[in-house]
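Morning, everyone. Let's bring the model up.

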Amino acid sequence: MAALPARQSSAVRALALAVSIAVLVVAVIVAVGFDRAGERFQFVESHDWIPSFGAGYRLGVDGIALVLVLLTAALVPLLLAAGWHDHRAADEEAGSARPRSAHTYVALILLVESMVLVSFTALDILLFYVFFEAMLVPMYFLIGGFGSPGTPRADGARAAVKFLLYNLLGGLVMLAALIGLYVVTARSGLGETAGVGTFDVRTVTAAAVAGDLDATPAVLGALCFGFLVAFAVKAPLWPLHGWLPDAAVRTTPVAAVLMMAVVDKVGTFGMLRYCLQLFPDASVTFAPVVATLAVIGIVYGAMLAIGQTDVMRLD
């Protein structure tokens, strides 16, 4: 989409919509072919990526991932159709001297969709982390470069930077935990060769359930906390939600819905796929804390909603 001429905006939008519908068709085919009585992970694709570190390009879906893949694939065509003139309306109201191009706008939306889908289907923890962080880049440009009507670009830029800093900080904490988990898998002999760890979520999950990870409960708890922080920021969980209101208000309605209905779900999915399965005992320890913060967020959000006049902030 981004490579097409900017003057062909209608053709670019139509092509983007067609591509998103094609993705939805593939997702439906996968859902129909998914055997609920079969293996947990199906449609598995596996290729060597960084064999010296035990990392691979591994994709597959289970029940939870399949539901979220369908949600994402079904929502994006609706958003592209609903936001057919989003960027144009914002430029006309702001009197922009440099109109923002439709081809860049739809390319960023499709890029976010691609990265979210890889995050949901990744069976390699390092691969998941790469796309978990990489999706921040197109979202940053959607927030900062394509503001809602009446929003000055400076305000959009500040909201985008706030979004980026919050999520990058959570990602750095997760990166430290990811390195620590790799060291644990190497010490536990989970890699294919001696002294090499693995990022295969299936292998690590099986070892965690069997109690074969060579680490103390305190170490596993610290690793779980590192993952949990990143997912809590993305979800977002109170009090790490500060980036969301500004980002939702300052960008277009389509990008706001994409962020809250699709990107945010990666954080919740990460808690289920990684925190709960890789660190089952530590998850039990942190469960009361997460539940307490969630309840506070519900009550706090309801109180703020009573006096809120901006419908975008109500989300």
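Start with the second largest pocket, which has a volume of about 340 Å³. Keep in mind that this is a predicted model.

Who sits around the pocket? The lining of this second largest pocket counts 13 residues. Closest to its centre are Val26, Val30, Val61, Val69 and Thr121.

Now, which elements supply the lining? At least two residues each come from helix H1 (9-33), strand S1 (42-50), strand S2 (55-61) and helix H4 (102-121). H1 gives the most, with four residues.

Second stop: the helices. Quick reminder first. Two packed helices are described by the angle between their axes and the distance between those axes.

Look at helix H9, residues 217-234, and helix H11, residues 253-278. Their axes come within 7 Å and cross at roughly 160°. Angles over 145 degrees count as roughly antiparallel, so H9 and H11 are roughly antiparallel to each other. The crossing of H9 past H11 is left-handed.

Which residues make the contact? From H9, we have Cys224, Phe227, Leu228, Phe231, Ala232 and Lys234. From H11, we have Val263, Asp264, Gly267, Gly270, Met271, Tyr274 and Cys275. Sort that contact by class, and you get nine nonpolar, two polar and two charged residues.

That's both stops. Questions, please.

Definitions and conventions
Residues numbered from 1 in each chain as written. Predicted model: local features only at pLDDT ≥ 70, side-chain atom pairs only at ≥ 80, totals over all residues. Heavy atoms only, no water. Axes fitted to C-alpha atoms, helices over the stretch in contact; angles between N-to-C directions. Parallel < 35°, antiparallel > 145°, perpendicular 65-115°, else oblique. Left-handed = near helix turned anticlockwise from the far one by under 90°. Contact = heavy atoms within 4.5 Å. Nonpolar A, V, L, I, M, F, W, Y, C, P; charged D, E, K, R; others polar. 1 Å grid on protein atoms, 1.4 Å probe; cavity = no way out; pocket = protein on both sides within 12 Å on 5 of 7 lines; lining within 4 Å. Points joined across faces, edges and corners; volume = space filled by probe spheres on them.
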